[in-house]
Amino acid sequence: MELLSVKEAAVLLGVDDSRVRQLLHGGKLQGQRVGGRWLVAGDSVRDRKDRGPRSRRPLSPRNAWGVLALLDGHQPVSLSDAEKSRLRMRLRNLLAHGQLAPALLQELLAVRAEVRSYRVHSGVLPVLLAAGDVVRGGASAAAQAGADYIALGRAEIYVHPDRVDKLEDELGMVRDEERGNVSVRIPPAEMWSFLTSRSETPGQGHDAPASVVAADLLDRHEGRADAAAAGLLEPLLTRYAQPRRA
């Protein structure tokens, strides 16, 4: 059996390394761990590339964030009026036909941000989560968003691309893709205003909007996280599907 590195599989699929790891953890690619690293079955990669449904190709980061903004009741940033109109139409068509299931939404939003895994001392986690220049996401913001989900001993955050290097130095963050306890998502810089749009408690940092928290939970490919994400998405999708008043 031909085995590929994560990077080789990512090149063949046209995605980043973190997306390949998500597919492996979710059982959508076949592989095995050797010496703490993933090796991916070549046949599995080519099968996904050749037979994967076109409708499930991820949206571009700009359009992915546009979907999240629309679901959360915001106007998408960095999109033209024509792009916004097309995105609204696509969302409404999917909803009208009952096709916008959480699994499809996860596929569509998969490449919205670069994902890095870091390892930090457990005592640093509370400091990191309370930092004013990060946005808590996923499991770290689930409770605040109203989801019944926690993941002790881990942190999920968004960091502005201009701030990542400084944060690494300040908190001694070490890249560790296999055993990290901090998941850092780095979104396009122009999306930062949307990520920080929720009201905050002074001195306690920001929590991501509910639509973003749901998308983060879906990326975990875990039953409890999927259920929590579905609970967050249900009212957002219901509200979005309601006819607009004249």
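1. Leucine 4 stands opposite valine 40 in S3. This is a place to start reading the model, which is predicted. The pairing around these residues joins S1 to strand S3, residues 37-41, in the antiparallel sense and over three bridges.

2. The wider sheet comes next. Strands of a sheet pair through backbone hydrogen bonds, either parallel or antiparallel. Here three strands form an open sheet, and their pairing is antiparallel. The order across the sheet is S1-S3-S2. Strand S1 (3-5) and strand S2 (31-34) each have a single partner strand and stand at the edges, so one side of each is left without a neighbour in the sheet. On average, neighbouring strands of this sheet are turned by 40° against each other, direction ignored.

3. Two helices lie across the strands. Helix H1, residues 6-13, lies across S1 and S3 and runs at about 90° to S1. Helix H2, residues 17-25, lies across S2 and S3, and its angle to S3 is about 75°.

4. How many cavities of 30 Å³ or more does the structure hold? There is one. The volume of the largest cavity is about 50 Å³.

5. The lining of the largest cavity consists of Leu59, Val67, Leu87, Arg90, Leu91, Leu94, Leu100 and Leu108. Helix H5 (residues 81-96) gives the largest share of this lining, four residues. By class, seven of the lining residues are nonpolar, none is polar and one is charged.

Definitions and conventions:
Residues numbered from 1 in each chain as written. Predicted model: local features only at pLDDT ≥ 70, side-chain atom pairs only at ≥ 80, totals over all residues. Heavy atoms only, no water. Pairing = 2+ DSSP bridges. Axes fitted to C-alpha atoms, helices over the stretch in contact; angles between N-to-C directions. Contact = heavy atoms within 4.5 Å. 1 Å grid on protein atoms, 1.4 Å probe; cavity = no way out; pocket = protein on both sides within 12 Å on 5 of 7 lines; lining within 4 Å. Points joined across faces, edges and corners; volume = space filled by probe spheres on them. Nonpolar A, V, L, I, M, F, W, Y, C, P; charged D, E, K, R; others polar.
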